[in-house]
Amino acid sequence: MSTQHLTLPITGMTCANCVATIERNVKRLPGVTSATVNLASERAVIEFDPSTLGQEAIISKIRAVGYDVATGEASLAIRRMSDASDAQRLERRLQGIPGVLEAGVSFAAERAVVRYLPTEVTQSELRRAVQAAGFEVLQAEGAREDAEARAREREIAHQLRRLGVGLIFTLPLFALAMARDFDLIPHAIGHAAWFDWLLMGLATPVQFYVGWQYYVGAFKALRSGSANMDVLIAMGSSAAFFYSLAVLLFGLPGHVYFETAALIVTLIVLGKYLEARAKGRTSDALRKLMGLQARTARVVRDGQERDVPVDEVAVGDLVRVRPGEKIPVDGVIVEGRSTVDESMITGEAMPATKQPGEAVIGATINRQGAFTFEATKVGRDTVLSQIIRMVEEAQGSRAPIQRLADKVSAVFVPFVIGIAALTFTGWFFLGGAPAADVTLFTRALINAVAVLVIACPCAMGLATPTAIMVGTGKGAELGILFKNAEALELAGRLTTVALDKTGTVTRGMPQVTDIRLGDGGHSETEFLRLVASAERGSEHPLGEAIVAAASARGIELAEVHAFQAELGQGVQAEVDGHTVYVGNARYMQALGVSPDGLLGEMQRLQADAKTVMLAAIDHRPAGLIAVADTVKEGSREAIETLHRLGLRVVMITGDNRTSAEAIARAVGIDRVLAEVMPGDKAAEVKRLQADGERVAMVGDGINDAPALAQAEVGIAIGTGTDVAMAAAPITLMSGDLRGVGKAITLSRGTLRTIKQNLFWAFFYNVVLIPAAALGFLNPILAAGAMAFSSVFVVSNSLRLRGWRAS
């Protein structure tokens, strides 16, 4: 069964119960294999079988249970349509694009109107689809848009409008009610028959206009078999309002509580408005990344330079960049030299020198020289687009620590309603005599309303995802990409960091330092020619270093036959009628070659942290070649940081023990696992885990893939363009080992924030629900506390935006 991945921007969610409602109902649809909804990012990620189910059916189900999906609408001016059949062909082409919900093309108006999901397809992709179909599409300047962001802004504006109406009616209502209660107005006015009618008149717009959204939400939640925050608010405010209305209409004894009902609704709307504003700031880092994208590019077509929208740059276009300009897309320099500031992508402060043949990344800034490059990746394929996509996916994922909050949220609202019922019953039958001006029923009702209103499932639902959103966004700013929330959480619980040596601790660019000849009777030049020729077919960095040394001496290499590589040991090949073997001592031993005359020299070179390759020609020891790989700048500092964090550092390498331990001493590594075959690195990680260690494996993401997968957290060292390494849970874009400490510190800070949020969410409910049930809180104070509890959680998460690597 083929599955399709669909990301939907959801609007209208208020608490964790909303999340559970959408997930439960979507999962019931035939063909849906998984559904994950995130309250903080307000997105649903759904996997389904497109042969069984369409995206419209999923959207319809979400709307049926009381929520909405933000959609965008593009109006494109089309040229070069010759007749109505062209319009129909283009319409079918547009309707076939994943993420397009509806498309209509008018031949007469020369216009296409497309309704689409902004999380699945962009307007630039729609324009490219039109161009690919053979038509021309006109784009007005500044036509770029963010339909999802506009939907969020409309929702905030909607809450602000309702808040304004609520305040206009609630403030005078509250002032009049308090003035009467504290005898600040004449008794004849405060207790006149018309006074309560005035209070009711002020309360009614608040209850049924400002609070109508909660009635609708409660109805849809109950209809779908669940209960959410809307149910609690609707029940609490309605109890106060309709009780007061009964007192007014039927002349029952007791107070009216119109101001209580109005204040409950207005304070909740105020809290929701502030929460929406604060939630919007949790994705500031993502918006900054999106803002890095260049708007235009200077392309060379038909020998002429033309400024075109960046969306129109195609793979293979030649693009010119002047000093101070943004590089519009990814590519390779074909002419010119410069330095490029890549800090916004990699987090690396020092500008990188670029010359012909080297890659450049879109959205980075050209500092000095002018150059021309060939575009290799455009649109969604650029590094920046991939980073944005990774951050979005990480922010939408669910951390393991969230499971407890999810379980509690699933039963929270029914539990609170039960507590409210018990509160009413207890106060009504067992509460004793009330004050002179309060009836038994009134006192019981007010305390039950306080229980309903104080309960806050929102804080529990927002505790983890808001911190994850800010943490992953901050990581992206620093060049640290977290693939999912689980990686962000687990990185904070590590006890051991295992490092690959080559390319991680060292530069990964070894150079030949020494050549020693054996008894083969060959000159140094001839020896190097035969060995380098044999290594031509090798992809190992040591082999490449030997070939580079021969090339630097101007030695012409010979044709090679019968090349064979023994993984982690060496190579053999036929060169000019000789059988040449190059490898480590273990390889020579397996071949039956005894390099006794070279052993002393080999041990001396290894003691200097050099890797020694032995060579045999026609089964006779012919000599050795020593290769050294220098330690990366910052490696020692990185390992000192890991030690300060209380972590043990282990190096796993295929090098011999002597040279590996020399490198380890130079940088302060605690333990060395040497002479480990590439395929055995995962087994070494497993052994560390068997000793009770929680291990992070740091490597290049390709040769170390099994070990990265075995570790609790795999950390791939990238170079800015290797986003394919994101197969690892964490990718360091800069290739700087110091990023490991930053990633772990950021993870610990995020984990600490999540625990603070969860503590607050649970503490708040565990303490204040009983307080309300025991009569220590009136409904107005309860509504205020409930409104600001989720604001507190989001604001606490936002503190991570100011996190600095120590």
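Helix α16 passes α27 in a right-handed crossing, a crossing being right-handed if the near helix is turned clockwise from the far one by less than a right angle and left-handed if anticlockwise. The contact (heavy atoms within 4.5 Å) is made by residues of α16 including A459, A463, A467 and G471, and by residues of α27 including L746, T750, I754 and L758. The axes of α16 (residues 457-477) and α27 (residues 738-773) come within 9 Å and cross at roughly 165°; axes are lines fitted to C-alpha atoms over the stretch in contact, with angles from 0 to 180 degrees between N-to-C directions. The two helices are therefore roughly antiparallel (over 145 degrees) to each other.

This is a predicted model, in which local features need pLDDT of at least 70 and side-chain atom pairs count only at pLDDT 80 or more, while totals for chains, interfaces and linings use all residues. Residues are numbered from 1 along each chain as its sequence is written, and side-chain values use heavy atoms, leaving out hydrogens and water.

Turning to helix α15, residues 440-454 reach 21 Å from first C-alpha to last. Helices here are DSSP runs (H or I, at least four residues), numbered from the N terminus. Of the 15 residues in α15, 13 are buried, that is, under 20% relative accessible area with a 1.4 Å probe and protein chains only.

A218 lies in helix α8 (residues 212-223) and is buried too, at 8% relative accessible area. Beyond its neighbours within four places in sequence, A218 touches N228, D230, V231 and A234. The C-alpha atoms of A218 and R738 are separated by 51 Å.

Terms used: Buried < 20%, exposed > 50% of the residue type's maximum accessible area, 1.4 Å probe, protein only. Expected span 1.5 Å × (residues − 1). Parallel < 35°, antiparallel > 145°, perpendicular 65-115°, else oblique.
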